[in-house]
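Have the structure open as you read.

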Amino acid sequence: MKMPEGPAAQHVTVERVRSPAQLAEAQALRIRVFVEEQGVPADEEVDALDTDPTTTHLVLRDHDGAVVATGRLLTDPAHPGEVHVGRVAVDAAWRGTGLGALLMRELEAVALAEHADAGRCKVVLSAQVQAAGFYERVGYVVEGPVYLDAGIEHRDAAKTLLDR
């Protein structure tokens with residue numbers, strides 16, 4: 001477990017998902033956020049990429065051990081230096097606390113440390129239109145047309161990380 005930094009970090013720990021039990025906890029939060037709150041079909045939320053060996057999941061836990069945020073990092077060996085962040089979910093009670101930004105920093109740290117090519121790593125994601133401002137605030141460039149994914153409007157976003 002790693003102790004993160006920042007205001008929201010005083011109350012959470014960061015874990016890399018390494019067991020089926022941890023993955024089930026991450027998926028349970030995603031189901032609450034995406035399926036129950038946003039109406040995403042359950043069969044689209046949990047997919048084969050969850051257990052792909054190239055996928056990395058992170059969870060943030062509160063002081064009681066409950067998973068309060070999660071996200072996953074997808075990589076493709078055919079595209080070194082590029083990762084896809086997805087399934088970013090924060091428990092409703094923790095939204096607006098800085099936890100989402102903390103989660104993104106932690107995912108980006110993994111991307112840069114483990115997937116950079118020549119000191120650079122491009123992070124791409126599909127941002128829900130309603131969350132585009134959040135991604136812009138944490139340094140992503142949101143561009144391109146609006147498209148539907150699981151019935152929700154999205155736009156592409158990207159950020160290039162540099163190993164300094």
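V85 stands opposite L125 of strand β5. The two strands involved here are β4 (residues 82–90) and β5 (residues 120–128), which pair in the parallel sense over four bridges. Pairing requires that DSSP finds at least two bridges between two strands, and the elements themselves are DSSP runs numbered from the N terminus: helices are H or I with at least four residues, strands E with at least two. Before going on, please note that this is a predicted model, in which local features need pLDDT of at least 70 and side-chain atom pairs count only at pLDDT 80 or more, while totals for chains, interfaces and linings use all residues. Residues are numbered from 1 along each chain as its sequence is written, and side-chain values use heavy atoms, with hydrogens and water left out.

Follow the chain from β4 through helix α3 (residues 99–115) to β5 and you trace a right-handed β-α-β unit. Right-handed means that, with the strands pointing away from the viewer, the path from the first strand over the helix to the second runs clockwise. β5 also pairs with strand β7 (residues 152–162), in the antiparallel sense and over nine bridges. In that pairing, C121 has L161 of β7 as its bridge partner.

Now to the charges. Side chains of opposite charge can pair when their charged atoms come close. Counting a salt bridge wherever a side-chain nitrogen of Lys or Arg is within 4 Å of a carboxyl oxygen of Asp or Glu, the model has 12 salt bridges. What does R72 form a salt bridge with, at 2.9 Å between the closest N and O atoms? The partner is D47. R72 lies in strand β3 (residues 67–75) and D47 in the loop between α2 (42–45) and β2 (56–62), so this pair ties together parts that are 25 residues apart in sequence.

R72 also forms a salt bridge with D50, with the closest N and O atoms 2.6 Å apart. D50 lies in the loop between α2 and β2 as well, so here the parts tied together are 22 residues apart in sequence. R72 and D50 are both buried, where buried means under 20% relative accessible area, exposed over 50% and partly exposed in between (1.4 Å probe, protein chains only). D47, at 25% relative accessibility, counts as partly exposed.

Another salt bridge joins E108 and K159, whose closest N and O atoms are 3.2 Å apart. E108 lies in helix α3 and K159 in strand β7, so the pair ties together parts that are 51 residues apart in sequence. E108 is buried, with a relative accessible area of 9%, and K159 counts as buried at 19%. Shared partners also join R30, E45, D47, D50, R72 and R87 into one salt-bridge network.

Just after α1, G39 takes a positive phi of about 80°.

Most residues other than glycine have a negative phi. A118, in the loop between α3 and β5, has a positive phi near 55°, and A118 is exposed, with a relative accessible area of 76%.
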